[in-house]
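Subject: Structure for you to look through

Dear colleague,

I am handing over the structure that we spoke of, together with some notes on what was found in it. Please keep the model open beside this email while you read.

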Amino acid sequence: MKILYAGTPSVAVPPLVHLADRSDVEILAVLTRTDAPVGRKKVLTPSPVAQEAQRRGLPVLKANRIDAELTERIRDLGADVAAVVAYGALVPQAALDALPHGWLNLHFSLLPQWRGAAPVQRALMAGDTVVGASTFLLEAGLDTGPVVGTMTDEVRAEDTAGTVLERLSRTAAPLLADSLRAVVEGTARPAAQRGDVSLAPKLTAQDGRVRWADPALAVVRRVRGTTPEPGAWTQLDGRRIKLEGVAARPEVRDLAPGECALRGGAVLVGTGSGAVQLGTVQPAGKKTMDAAAWARGHNTEDRVVFE
């Protein structure tokens with residue numbers, strides 16, 4: 001089975017590794033987005049998928065959009081099918097038609113739930129207890145194509161969007177391989193998506209801002225869903241503080257929304273209903289630290305209220 005692999009971020013690396021290690025798969029080329037600035041010095045850096053492909057000696061095509069010239073190059077590869085995992089750009093109809101068995105996408109949700117760029121993040125923010133992955137045939141719509149296969153996974157108490165995505169990227173890799181094989185061999189039975197549709201647009205920095213007037217459980221869900229990216233945060237004296245590892249403390253009811261207190265070694269913050277306990281904090285320009293250590297170093301004589 002000859003394939004084109006399209007992907008960009010680190011979550012797309014485990015499926016690439018799984019396919020590259022299979023004896024029944026030949027990866028003719030890897031399509032990824034162009035090098036992007038990384039770090040404070042904004043050094044142009046190949047995508048995680050490009051780095052893995054280069055390490056394995058696979059040909060790499062870099063493009064942020066698939067134009068007519070690239071479509072012809074894809075057509076000339078001689079691939080049977082394309083595998084897509086978070087490539088990050090739309091595939092035009094001409095490119096979809098360029099391969100005999102089309103393009104098969106691995107999406108980290110149980111479609112038609114959470115169509116879009118941030119399915120796991122939005123699922124955790126909404127409080128979903130079950131997540132999963134779907135393989136589907138790409139078509140012109142946003143994640144609307146017929147589903148070839150699915151798998152499910154339970155959300156764990158300690159999970160963040162980062163841990164769920166890392167786990168699904170590994171456990172769903174065989175699903176992608178099996179779905180590709182079924183599509184090429186003609187044994188797949190793609191089924192139209194059924195059920196309620198929900199959308200998962202890309203997160204912005206503002207999605208990570210904690211709303212202390214929300215109930216404690218909603219605060220916890222927001223932090224889990226935006227960790228590690230774009231990151232959950234609040235403000236104190238106009239300066240941003242990043243938050244991780246927040247747990248609900250519904251029995252604490254004497255703190256106003258955003259009011260912070262150090263009690264018995266725990267840093268508690270009031271919400272619209274109950275409180276939450278902070279795990280770690282990262283003040284602007286400083287390293288991540290234990291919340292209690294941060295609180296002890298702060299001026300506790302003043303009433304501390306997050307904005």
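The second largest cavity has a volume of about 30 Å³, where a cavity is, on a 1 Å grid over the protein atoms alone, a set of points where a 1.4 Å probe fits but cannot get out, and a volume is the space filled by probe spheres set on those points, which are joined across faces, edges and corners. Lining this second largest cavity are Lys242, Leu243, Glu244, Thr280, Val281, Gln282 and Thr288, and lining residues are those with an atom within 4 Å of a point. By type, the lining of the second largest cavity divides into two nonpolar, three polar and two charged residues, with Ala, Val, Leu, Ile, Met, Phe, Trp, Tyr, Cys and Pro counted as nonpolar, Asp, Glu, Lys and Arg as charged, and the others, Gly among them, as polar.

Before going further, please note that this is a predicted model, in which local features need pLDDT of at least 70 and side-chain atom pairs count only at pLDDT 80 or more, while totals for chains, interfaces and linings use all residues. Residues are numbered from 1 along each chain as its sequence is written, and side-chain values use heavy atoms, with hydrogens and water left out.

The lining of the largest cavity divides into seven nonpolar, three polar and one charged residue.

Trp114 is buried, with a relative accessible area of 16%; buried means under 20%, exposed over 50%, and partly exposed in between (1.4 Å probe, protein chains only). Lys42, in the loop between β3 (36–38) and β4 (43–45), also has a phi near 55°, but Lys42 is exposed, with a relative accessible area of 57%. Most residues other than glycine have a negative phi, and most peptide bonds are trans. A cis peptide bond joins Leu111 and Pro112, with omega about 15°, and Pro112 lies in the loop between β7 and α5 (119–125).

How many residues of strand β7 are buried? Five of the five residues of β7 (residues 103–107) are buried, so this strand is largely enclosed by the rest of the structure. Trp103, Asn105 and His107 point one way from β7, while Leu104 and Leu106 point the other way. Strands pair if DSSP finds at least two bridges between them: three bridges join β7 to the parallel strand β6 (residues 81–85), and four join β7 to the antiparallel strand β8 (residues 130–137).

Best wishes

Definitions and conventions: Helix = DSSP H or I, 4+ residues; strand = E, 2+ residues; numbered from the N terminus. 1 Å grid on protein atoms, 1.4 Å probe; cavity = no way out; pocket = protein on both sides within 12 Å on 5 of 7 lines; lining within 4 Å.
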